[in-house]
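Keep the 3D view open while you read.

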Amino acid sequence: MPSTFETVANIISETCDIPRDTIKPESHAINDLEIDSLDFLDIAFAIDKTFGIKLPLEQWTQEVNDGKATTEQYFVLQNLSEQIDKLIAAKSV
């Protein structure tokens with residue numbers, strides 16, 4: 001079974017036509033991969049569907065806007081994968 005990161009990287013590669021080998025755990029979805037907000041919504045939808053969760057994008061955006069979080073916490077792929085794992089774990093409780 002592929003890791004959460006592998007699955008997310010594959011979704012990004014397919015959704016945004018970005019070569020899979022350029023997508024690294026330390027890649028920032030917006031700054032490094034240049035994914036725009038509309039494409040990121042498509043990615044989030046695919047992640048929700050694939051993992052059976054709901055990414056709290058509005059909450060994350062609010063936290064970043066309020067200075068309570070950095071974009072790196074949610075948009076660096078390794079961190080995004082960890083957030084997904086937490087959501088999956090919370091769902092299975």
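Start with phenylalanine 51, which you'll find in helix 2. Keep in mind that this is a predicted model.

**Phenylalanine 51**

- Is phenylalanine 51 buried or exposed? Its relative accessibility is 17%, and buried means under 20%, so phenylalanine 51 counts as buried.
- Setting aside residues up to four places away in sequence, phenylalanine 51 touches Thr4, Thr7, Val8, Ile84, Ile88 and Lys91.
- Look at phenylalanine 51 and threonine 4: they sit 47 residues apart in sequence, yet their C-alpha atoms are 9.0 Å apart in space.

**Helix 1 against helix 2**

- When two helices pack, they're described by the angle between their axes and the distance between those axes.
- Helix 1 (residues 4-16) packs against helix 2 at an angle of about 135 degrees, and the axes are 10 Å apart. That angle makes helix 1 oblique to helix 2.
- The crossing of these two, helix 1 and helix 2, is right-handed.
- Which residues meet here, in helix 1 and helix 2? On the helix 1 side you have Thr4, Thr7, Val8, Ile11, Ile12, Thr15 and Cys16, and across from them in helix 2 are Asp39, Asp42, Ile43, Ala46, Ile47, Thr50 and Phe51.
- Sorted by class, this contact of helix 1 with helix 2 has eight nonpolar, four polar and two charged residues.

**Helix 2 against helix 5**

- Helix 2 also pairs up with helix 5: their axes come within 11 Å and cross at roughly 35 degrees.
- The crossing of helix 2 and helix 5 is right-handed.
- Helix 2 brings Phe40, Ile47 and Phe51 to the contact, while helix 5 brings Leu80, Ile84, Ile88 and Lys91.
- By class, the contact of helix 2 with helix 5 splits into six nonpolar, no polar and one charged residue.

**Helix 3 and its two faces**

- Now find helix 3 (residues 57-65), whose buried residues are Leu57, Trp60 and Glu63.
- After helix 3 comes glycine 67, with a positive phi near 75 degrees.

- Back in helix 1 you'll find serine 13. With 18% relative accessibility, serine 13 counts as buried.
- Ignoring neighbours within four places in sequence, serine 13 is in contact with Ile18, Pro19, Arg20 and Ile23.
- Aspartate 17 sits in the loop between helix 1 and helix 2. The phi of aspartate 17 is near 55 degrees, a positive value in a residue other than glycine.
- Is aspartate 17 buried or exposed? Aspartate 17 has a relative accessible area of 70%, and exposed means over 50%, so aspartate 17 is exposed.
- Glutamate 34 is also placed in the loop between helix 1 and helix 2. Glutamate 34 isn't a glycine, but its phi is positive, about 55 degrees.
- Glutamate 34 is exposed, with a relative accessible area of 67%.

Notes:
Residues are numbered from 1 along each chain as its sequence is written. This is a predicted model: local features need pLDDT of at least 70, side-chain atom pairs count only at pLDDT 80 or more; totals for chains, interfaces and linings use all residues. Side-chain values use heavy atoms; hydrogens and water are left out. Buried means under 20% relative accessible area, exposed over 50%, partly exposed in between (1.4 Å probe, protein chains only). Helices (H or I, at least four residues) and strands (E, at least two) are DSSP runs, numbered from the N terminus. Axes are lines fitted to C-alpha atoms, for helices over the stretch in contact, and angles run from 0 to 180 degrees between N-to-C directions. Angles under 35 degrees count as roughly parallel, over 145 as roughly antiparallel, 65 to 115 as roughly perpendicular and the rest as oblique. A crossing is left-handed if the near helix is turned anticlockwise from the far one by less than a right angle, and right-handed if clockwise. Contact means heavy atoms within 4.5 Å. Ala, Val, Leu, Ile, Met, Phe, Trp, Tyr, Cys and Pro count as nonpolar, Asp, Glu, Lys and Arg as charged, and the others, Gly among them, as polar.
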